[in-house]
Amino acid sequence: MRKIDLSGVWRLEGKDERGVSVKVPIVIPGDNYSALIENRVIEDPFIDKNEAKSLWVGRVDWLFRCFFTLESESVSEYFSFIHFDSIDTIAEVFVNGERVVDTRNMFVRVRADVKRFLVAGRNELKVLIRSPQQYAMQMASRLPYSIPHSVYPVQSPHRNLVRKVQSHSGWDWAPSLMVSGLYGSVYLGFVRNGRIEYVTTELAKRESHWELEIKIEFYSYVSGSISLGIILLEPQSFLAEGDKDRVVVALSEIVSVEEGLNVFNRTLEVKNPELWWPVGYGDQPLYSLRVEVGDDSVEKQIGFRELELLSRDDAWGRSMTFVINGRKIFAKGANWIPVDALPSRQTNERYEYLINSALRANFNMLRVWGGGQYERDVFYELCDRKGLLVWQDFMFSCALYPSEDWFLQNVKQEIVHQIKRLKDHVSIVLWCGNNENLGALNWFEVSRKNRDRYLVDYDRLNEGIVGRVVKDLDPSRPWWPSSPSAGPGDYTDNFHDDSKGDMHYWSVWHEGRDFEAYYEVIPRFSSEFGFQSFPSFQTIKEFARVDQWNITSPVMEYHQRHPRGNSIILETMARYFRIPSGFKEFLYLSQVQQALAIKTAVDYWRAKRPRCMGVLYWQLNDVWPVSSWSSVEYGGRWKLLHYAARRFYSPLYVSVFQSGKKVVEIVGINDTMEEVTGRLRIRFMDFFGGVLYEDEESVTLPSEGSLLLRELSIEALLHFYEAKVGGSRNDDSGGKIEEKTFLCVDLLIEGGSGSIRNHLFLSRPKNCEIEKSLLQVETGPVTDSYGNVTSYTIKLSTDKPAFYVALDSGEFPGIFSDNFITLLPGEERIIEFDLDGRVFSDSDFSTTDLMDELTIFHLRGSYR
Ligand code: BMA
């Protein structure tokens with residue numbers, strides 16, 4: 001197929017709310033907000049309170065216009081069509097003034113024949129995009145009864161009536177930016193006979209081979225015969241350098257086609273393919289499939305793997321376990337929201353960075369959450385290549401939705417398109433109907449009063465359209481009705497049920513319960529739970545001026561979209577910690593608190609494997625600079641939670657917790673496929689660094705399981721203290737023993753493959769009489785063979801135990817090899833600072849620069 005790529009600089013035209021006309025250049029693919037910022041019509045909405053001044057952009061219509069030139073041959077000798085990956089959202093497309101096609105859904109692909117509208121020479125293309133907010137209001141006024149949705153501090157109304165990213169309208173972590181735009185590719189296609197609409201595959205394992213069923217949908221402009229070719233190639237990674245592509249199977253034939261849509265089904269036999277595995281379990285071989293029909297072709301990457309969602313009655317209720325190639329996978333990861341509130345800023349580099357960050361923190365799964373977007377191709381390609389499993393929601397969230405025909409028919413096109421587009425991505429392991437819509441039936445007065453009516457609406461959409469299309473088009477992939485839910489056929493609200501299905505356990509955040517409340521539930525699969533923190537000082541500096549550097553300042557509160565967010569952070573801090581002495585310490589401690597909350601849950605739930613088989617916290621990333629539940633800030637800085645996640649998600653891990661009883665449990669966790677031996681070192685210490693009790697023993701961690709290694713009674717620990725230090729447990733010289741001591745547990749893996757440390761306070765940190773410590777820091781550069789500085793080492797030591805030691809590289813973006821550390825006297829920690837993949841020559845950046853920018857926080861240093 002010949003393509004004329006229409007991306008590049010277009011014109012954007014509109015009128016602001018006062019009727020003043022705006023005409024600016026816009027880069028396509030891209031969105032109107034980004035063009036208006038670029039051309040200084042509006043100020044960057046991520047800074048200060050500028051968002052409020054830009055809301056008019058979503059209330060007016062916008063015209064996207066470009067010109068292109070065609071040779072007469074293209075016009076006369078080919079059939080031609082226009083293609084848009086995504087038009088956001090309510091739009092009409094015109095070629096040379098003639099209306100070509102309409103669309104009302106940014107999640108469908110738009111293709112339309114244009115041959116009769118094109119001329120040789122200069123042509124004009126216009127896309128008129130209506131105000132999404134006005135459209136939503138108009139549709140709302142036509143509804144027979146109200147259909148509510150969750151509402152956040154800055155909110156565009158009736159977002160549930162527009163098929164656009166739901167969080168564009170504002171969320172409890174997102175600004176309200178009702179963007180319009182054209183995303184992905186925009187091109188004109190020229191073909192001699194017809195175009196391939198979709199190529200999709202189904203894999204089936206037979207006794208001696210695999211069957212690869214290929215379905216080709218070909219839209220033909222003519223009737224006659226045409227060539228059809230299919231070729232499957234070995235994964236690139238299997239080829240030695242210089243090898244030619246190795247053909248696994250190929251076929252080529254002449255087929256006859258009728259004008260209109262033609263469907264061809266072909267089955268290839270593949271003997272002993274190399275299996276695709278999630279990260280940590282094996283490799284990710286991808287076979288290339290190429291299909292050619294006439295002069296059009298499609299190429300995709302195929303992975304061979306078996307997939308099952310084990311949902312079986314058992315002693316605890318009903319399981320929810322992903323099984324891949326026969327292996328039960330403990331899923332670890334987080335929820336994924338869009339990379340940026342402004343689509344123009346969703347660059348491939350940022351996808352790659354975030355996915356690498358997930359992998360570096362030992363994730364094996366991401367949940368593409370239903371209030372965001374079906375992700376861009378690059379996302380799924382990276383997940384396929386790197387072995388990151390994807391839980392894929394359909395894009396409905398925290399709302400009730402209409403079940404009228406105009407809406408259902410629109411949604412149906414979307415679901416059909418997205419399944420055909422995505423189903424061959426081997427990383428996707430689940431289709432999930434929506435986020436929290438089942439639960440939302442209980443959120444609104446109207447639906448509580450008339451649950452029947454709204455439940456019928458819910459079911460018509462969710463099972464009648466979404467679920468049915470999944471079962472028709474992708475029968476071998478598991479269908480999960482909603483997150484959370486107890487599973488197919490169950491319409492109960494699963495928020496508080498840990499016996500079956502997936503669970504969103506929000507009691508610690510939304511209900512203000514203690515972190516220990518996590519010990520009250522053992523979800524079968526925890527798909528959401530979270531705790532907020534502030535972003536780093538560096539990120540705050542990018543949106544708030546110096547007079548706003550206070551957590552209750554107007555700008556700081558503006559960049560917090562949970563109505564009680566900052567209060568919850570503060571109130572929790574007062575329960576667990578001593579109030580920090582300054583603004584930066586506040587930010588630091590909020591991140592410690594967040595990491596501790598999530599770690600409490602993960603330490604416990606991982607220890608409960610196989611009852612619990614998945615943990616995905618809320619949320620990996622941010623769409624703008626904001627105080628939120630993310631572990632990676634807008635801009636890419638890792639919060640302390642992300643460093644904590646790297647440790648608490650590591651395949652070999654030691655959990656330490658006191659779940660209510662007067663006993664500390666030490667549990668070894670091994671997610672790998674091999675038994676592992678190591679040494680367990682337990683130290684019961686005081687805050688001067690004195691060891692009150694010490695024990696070291698060999699341990700064996702069985703593969704793919706968890707094992708209780710030791711139980712230590714608090715009573716016994718108190719005796720050790722009394723025996724060593726003297727005095728009684730309630731002496732009047734100052735507090736209880738629990739407030740003067742802590743436990744430090746190290747798991748040293750045999751064969752030098754590292755160690756894991758965990759520590760436990762026996763009382764809340766604010767009660768602990770932690771001694772002031774003096775931390776020593778030395779830095780030095782690490783160079784590559786060309787003398788370029790690629791990273792830095794930071795040597796840390798202390799004279800007294802130091803907790804939650806956190807390095808902050810200030811202006812320099814980068815990732816530390818370790819952070820959020822428990823440091824004991826007498827030991828030295830060498831930490832590498834990786835400049836985020838960038839190579840700096842000595843002149844750009846030096847040890848002194850790093851020393852100047854480096855700040856070290858630790859718990860005792862955060863208060864006087
Ligand atoms: C969950 C999510 C989001 C929300 C988050 C924090 O329920 O599904 O809707 O942002 O809680 O409140």
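Trainee: How far is the sulfur of Cys 383 from the closest cysteine sulfur?
Mentor: This is a predicted model, where local features need pLDDT of at least 70, side-chain atom pairs count only at pLDDT 80 or more, and totals for chains, interfaces and linings use all residues. Residues are numbered from 1 along each chain as its sequence is written, and side-chain values use heavy atoms, without hydrogens and water. A disulfide needs two cysteine sulfur atoms within 2.5 Å. The closest cysteine sulfur to that of Cys 383 is in Cys 432, too far for a bond, at 17 Å.

Trainee: How many disulfides does the rule give?
Mentor: Cys 398 also has its closest cysteine sulfur in Cys 432, and 12 Å is too far for a bond. By the rule, the number of disulfides is 0.

Trainee: Is Cys 398 buried or exposed?
Mentor: Buried means under 20% relative accessible area, exposed over 50%, and partly exposed in between (1.4 Å probe, protein chains only). Cys 398 has 5% relative accessibility, so the residue counts as buried.

Trainee: Which kind of pair do Phe 515 and Phe 531 form?
Mentor: Rings of Phe, Tyr and Trp (its six-membered ring) pair if their centres lie within 6.5 Å; planes under 30 degrees apart are stacked, over 60 edge-to-face, the rest tilted. The centres of Phe 515 and Phe 531 are 5.7 Å apart with planes at 80°, so the pair is edge-to-face.

Trainee: How many aromatic pairs are there in the whole structure?
Mentor: Ring pairs link Trp 506, Trp 509, Phe 515, Phe 531, Tyr 576 and Trp 629 into a cluster. Over the whole structure, the number of aromatic pairs is 60.
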